Amino acid sequence: MTETNTINPLGIEPVGNLLKKFAIPSIIAMLVGSLYNMVDQLFIGNFVGPLGNGATNIQFPLSILNVSIALLCGIGAASTFNLAMGRGETEKAGHYIGNAVTVMLIGGLILTVITELFLEPILLACGATENILPYAMEYSRICALGFPFFILSGGGSHLVRADGSPNMTMAINLVGAIVNTILDYLFVAVFGWGMSGAAIATIIGQYIAGFMVLIYLTRFKTVKLSKEHFIPQLSIIVAIASLGTAPFINQIAMMLVQIVMNHVMGHYGAQSIYGSDIPITCAGIISKVNGICFSFVIGISQGLQPIISFNYGAKNYQRVKDAYHLAIKLAAIITTISWLCFQLFPRQIVSIFGSGSELYFDFCTKYFRIFLFGICTAFLQPLTSNFFTAIGKPYKGIFMSLTRQVLFLTPLIILLPFFFGFNGVLYAGPVADVLSFTICFILIRREFSRPEFKNI
């Protein structure tokens, strides 16, 4: 056993205890992140109406784009940081943290400027209908002002967790979400500020969470950060990006799927009894409810990352394999429970987001039961994609991050309606889930047949 292993608990504590220690705060952090948009949707749905909910769905691709930058820098830097620490490269590890923070803030500022300058064409490209566009414009213009700290709080939480402070990661996200929820109630329900009130509440929560990350960086535990660590270096940024590309592409793929889904729903919905607005609104609600399920799965995956990265860097391959298998079992249980809820109680879940016509509830129920029918198999792709990223094999991680969203779901959303009509859009979900599961299962079996894993 190396000296690094005896010092760092990632190399010696029982894998189950470590996964619990890192995964639970990560799950809570992911749940809180999912609740940012969901809380807005709850208050908007009950106090503004279905068109307001539709507007949050149109804005959702912009939120996903923010998350993609946060994951590119956050997971990329956390992975490179933990791998460097596992190899004993302490000084170099600090540069990964500092450069990631700089890139996140600059990226957020650029995204804010672009959004403010080209908001209307962006929202139309995201699938806004004539009825939904005014609500989306009002909401998105204010939300854009919070992008730099939205990215910093999301990506920075991974850096805090990589430093061995998962509870602080949880606190950062909890504080932001609690502030957002309280202010949503005041601004939307009490003051009646509508879409603007929900957006203002959101960015205030994001700014508070972002400032908490900045304060934490001043007392980073494992490495003492200095100004030099925050000066951008191309080689450092490339290293971060190489290990953050898989989750980044996964989020970009989700964004593209959401945009394609909005357009397809609007197009085929207009030709059906539901009209264009109902399918777009329902799709947004259900994607966010599904996001709650995947908050658990991705939280487990993120909690797994420092354990995998450190032990793979330290050549403790049995611990790597044990941690992955434990995470897979937990994620499979969660997606199975979610599948049961979505099949048995779809109308009750949708009712939380406000009232609507019978057509509205009929479509939402159908969407839940068909589109999410394959969710019980969907745990493998995010966990396995992140596994390959964590062990420093980003190309495999990137490929797996593309399987469901890009290689399968997007083409199926476009093609299946030609054969099955509007229902073809819904069938695309479970077909993509099963195909993605199959590919990831084959690749992880091959990885564990390699000598370093097979000979333990």
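## Domain organisation

Domain bounds, as used here, come from an automatic or database domain assignment. On that basis the protein is divided into domain 1 (14-232) and domain 2 (245-455). Their C-alpha centres lie 20 Å apart. The contact between them takes 51 residues from domain 1 and 51 residues from domain 2, where contact means heavy atoms within 4.5 Å.

## Basis of the model

This is a predicted model, in which local features need pLDDT of at least 70 and side-chain atom pairs count only at pLDDT 80 or more, whereas totals for chains, interfaces and linings use all residues. Residues are numbered from 1 along each chain as its sequence is written, and side-chain values use heavy atoms, with hydrogens and water left out.

## Overall architecture

The protein has 18 helices and 0 strands; helices (H or I, at least four residues) and strands (E, at least two) are DSSP runs, numbered from the N terminus. Its C-alpha atoms fill a box of roughly 65 × 45 × 35 Å, taken along the principal axes.

Among contacts between residues at least 6 apart in sequence, 82% join residues at least 24 apart. Buried residues make up 61% of the 456 residues; buried means under 20% relative accessible area, exposed over 50%, and partly exposed in between (1.4 Å probe, protein chains only). The protein exposes about 17,300 Å², of which carbon and sulfur atoms supply 70%. Accessible areas come from the Shrake-Rupley method with a 1.4 Å probe, and for residues only the protein chains shown count as cover.

## The nonpolar core

A nonpolar core is a set of buried Ala, Val, Leu, Ile, Met, Phe, Trp, Tyr and Cys residues joined through side-chain atoms within 4.5 Å. The largest such core has 139 residues, and those with the most contacts inside it are Leu123, Met265, Tyr367 and Phe387. Helix α11 (residues 277-313) contributes the largest share, 16 residues. The core draws at least three residues from each of domain 1 and domain 2.

Not counting residues up to four places away in sequence, Met265 touches Ala270, Pro279, Ile280, Ala283, Phe363, Tyr367, Phe422, Val425 and Leu426.

Helix α9 (residues 194-217) has 24 residues and reaches 36 Å from its first C-alpha to its last, close to the 34 Å expected; the expected span is 1.5 Å times one less than the number of residues. This helix is mostly covered, with 17 of its 24 residues buried.

Ser301 is in helix α11. Ser301 is buried, with a relative accessible area of 4%. Leaving aside neighbours within four places in sequence, Ser301 is in contact with Pro382, Leu383 and Asn386.

## Two loop residues

Lys315 is found in the loop between α11 and α12 (317-344). Phi of Lys315 is near 65°, a positive value in a residue other than glycine. Lys315 is exposed, with a relative accessible area of 61%.

Glu13 is in the loop between α1 (3-7) and α2 (15-47), and is partly exposed, with a relative accessible area of 28%. Leaving aside neighbours within four places in sequence, Glu13 is in contact with Leu18 and Arg319. Glu13 and Ser272 are 259 residues apart in sequence and 58 Å apart in space, C-alpha to C-alpha.
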